[in-house]
Structure formats: structure tokens, C-alpha cells
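Please look first at the sequence and then at the fold shown with it. The explanation below leads from the overall division of the chain to its strands and helices.

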Amino acid sequence: MKKINGNIASPKGFKADGIHCGLKRKRKDIGWIISTVPAQCAGVFTTNQVKTAPVLVTKEKLKNKSLQAIIVNSGNANACTGNQGYQDAITMCEKTAEHLNIDAAQVAVASTGIIGKHLQMFQIEAGLELLANNQDCAAENFQEAILTTDTCQKVSAYQEEIDGKTITVAGCAKGSGMIHPNMATMLSFITTDANISSDLLQELLSELTEITFNQITVDGDTSTNDMVLVLANGEAKNAEIQKGSLAYQQFKNVLQAVFTDLAKSIAKDGEGATKLIEVQVENAVDEYSARMLAKSVVGSSLVKSAIFGQDPNWGRILCALGYSGIDFDSNQIEIYLEDTLVFAFGVPTDFSADQLSEKLKQAEITIKVNMHDGVAQGKAWGCDLTYGYVKINALYHT
């Protein structure tokens, strides 16, 4: 497996583009991903009971197990917009299909941005016209067009040799606030030229989402719009990947690497964040327990605030473990902050708070917890809680 300097259109048979159509004041705000042939597809969606029109429409489209394009806008979430919003999402798919001369059933739709306002469809239709006529198609434009409060594009791409063919998997994502998946204001799109069935792709997506995208948190809020979509068009011409084969494990490893990169980049770019926090739980009784313990720690507002203030407050970590819902004996665990043992077997250790505080000035912080209760491991990612987060969200009208 090799990491490459790629983009969402790096796999064979894909292209992507984005432009500005006026939904946002200046930045690009509408884009599409297109496969030259119909692609096998899979998706996971927000667990919020309030689901937007694009989520509902795209979930319905996935029943066909095949997609050829995804149309995405930022600047307006098309959320809480009633029947008109639902019809607008359908119209986005239909107009996209007309420009691409494909079946509207093969087009998915996603939106992100402000809640409770209807889309200005004349802007959407003008944007589609510009996309269709753009001679300078660039995947980076799409990767920019999906962003809201993000400060950077989030991209990952890998290649692997499978059955003598070079398979490419690439992904991009947006997400900075309202991040607490099962799923959060998170959109992610994955493309691959691998040959794999929709059913097996869905199985892998659901499994790997649990240990990657669902292990990040910025602020504990689960959005109404979240989705991850994967398209596999088979243009690498490998033999179809079968479950349990070597090719299956190779493809799974590459897919997990892309998901993990994107998940960590979302956590690192949390609104107002200055630090990426990774929590590693090891020797837990089972994998679910390890993941829930890790996510409880990284989601704690007190832990996040302590990391922002370079405060080696192990008590907040222990407290977050305690309300995770997982049973454990605090007299048998160890807690490490940046490889410094701060709590062991029921009591704090003798460490230099000043020296550890200096280490906590780094941009990436690791918290490790050894449960001494089994062999399972789990990880979660988040960011510090800063004055900037409050400022951004105090000024952002929803």
C-alpha cells in the first residue's frame, strides 16, 4: 500500500469540479463527482432523527446499488425545508442528469451549510450550467466547493497492487463543527476504480465507519446532513473482489487508511482548534469497550479545555472514563499523557507538571490508557476546546 499525492478524481474513470454560483459570498459552493461508467455504491448517513432532504433522497437512490454522479452544494443545508426542500433535492439530481446525459436515478445529492432556508434554485441551475461548460475541470475545485467553516481541504489517496492491477482509493471530506458522528456535519466522498460489488462495499463501509468516522468528535453535536458515499467503478479491471480473499484484505486495508486519514483531518480542523488529540485505549476487555472509552475521553469538554490550557489534569481523563458506560476497575488502569505516566493503579504518579505542560504545547497530543483487562484496542480523535470555537458558533446563524 502506497500513499499518493492524489485527489478525489485520482482513480481511473473519475472527474470532479466545483465553481461559485452565489450560495456563498465568494468561495466555491457547488461541485460534482462524475464516473465515466455507472459505479457500484454504498453509503452511511446521520443517525439524527431530523434528516435533511438530500439525505432522504440519496438514501433512496442507493437502493439501486449504482450511481454515476454526485452533486453537492455548500452554503445552504436544505434542512428543515419541508416538501419544497425535498423537491429541490430531486430537481438538483434531475438537472445534473440532464447536463451529463445520464439517468437521474444515477445521481446522488448532498448539501451542507445554513439550516432552515430554501435553496435559491436559479443559482443552483446557473451553477450546473457553469460546471457543464467549464473547460478547466479540476478536482481541487470540488474539494473546495464542499467546505463551510473548514480551514483547509481534507484529502487522502492510496494505491495498492491487487491481482496484478493498480487499485486507487481516494477520498475527500468536509467537517469542522457539529462533529460527533454517528455521523456528524460531516460529508465524505470516496472514489475507487476497484471492481467490487455494492453489497460487499456497503459491508466494508459500515464496518470501517465504526472505527474511523464514528470515532471522532469536535463538539458532541450530531448534524442533520451527514453522509459518507463510496463509488467503485471497476475501471482498474481487476477480478471482482471476493470476501475473505487476499484481495479483500488488501482493499479493506487501503479503504481503512483513507477513512482514518480523513477522520483525523476533520478532528484536527475542528472549529477554533489548535491541537489534534488522539486517545489510545489498549488491553480492554473487547473492541467496543475500547472504542467507547477512547471516545468518552476525547469528547470530554473538560479534557479538551485542559489540553487547550496545557494542563496535565489526569483527573478529568479518569472522570471521562468513568462515565463512558463501560465497567472497569480504576485500581488496575494506567493513564499516560504524551508518554508520561500520570496515574497508575488507583493513585497519581510523581511527575513534573511543569515539564508535562511544556509537552502539551505541541500541535498533536496523545493520551494513552492501559486497562489491563484484556487484549482489545481502540482509538478516537478530537481537538481542544478553545475561545475560537465559542466565537465561531456565537456568530454562525443556524
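The following paragraphs treat the domains, the paired strands and the packed helices in turn.

This is a predicted model, in which local features need pLDDT of at least 70 and side-chain atom pairs count only at pLDDT 80 or more, while totals for chains, interfaces and linings use all residues. Residues are numbered from 1 along each chain as its sequence is written, and side-chain values use heavy atoms, with hydrogens and water left out.

The domain assignment divides the protein into domain 1 (2-269) and domain 2 (276-395); such bounds come from an automatic or database domain assignment. Taken over C-alpha atoms, the centres of domain 1 and domain 2 are separated by 32 Å.

Helices (H or I, at least four residues) and strands (E, at least two) are DSSP runs, numbered from the N terminus. Two strands pair if DSSP finds at least two bridges between them. Strand β1 (residues 2-3) pairs with strand β6 (residues 154-162) in the antiparallel sense over two bridges, and Lys3 stands opposite Tyr158 in β6. Strand β6 also pairs with strand β7 (residues 165-174), in the antiparallel sense and over nine bridges; here Tyr158 stands opposite Val169 in β7. The hairpin of β6 and β7 has two residues between the strands, and Asp163 takes a positive phi near 55 degrees there.

An open sheet is formed by seven strands in the order β9-β16-β11-β15-β12-β13-β14, with mixed pairing. Its edge strands, β9 (216-217) and β14 (347-348), each pair on one side only. Within the sheet, strand β11 (residues 276-284) and strand β15 (residues 364-370) run parallel and are joined by seven bridges; Gln280 has Lys368 in β15 as its bridge partner. Helix α6 (residues 246-268) packs on the sheet and touches β9, β11, β15 and β16 (376-383), and the direction of α6 makes about 40 degrees with that of β16. Helix α7 (residues 287-298) packs on the sheet as well, touching β9, β11, β15 and β16, and the direction of α7 makes about 20 degrees with that of β16. Contact means heavy atoms within 4.5 Å. Axes are lines fitted to C-alpha atoms, for helices over the stretch in contact, and angles run from 0 to 180 degrees between N-to-C directions.

Two packed helices are described by the angle between their axes and the distance between the axes. How do α2 and helix α3 (residues 121-133) pack? Their angle is about 20 degrees, with the axes 10 Å apart. Helices α2 and α3 are therefore roughly parallel to each other; angles under 35 degrees count as roughly parallel, over 145 as roughly antiparallel, 65 to 115 as roughly perpendicular and the rest as oblique. The contact includes Asp88 and Met92 of α2 and Ile124 and Leu128 of α3.

The axes of helix α1 (residues 53-61) and helix α2 (residues 82-100) come within 8 Å and cross at roughly 50 degrees, which makes α1 oblique to α2. Among the residues that meet are Leu56 and Val57 in α1 and Tyr86 and Ile90 in α2.
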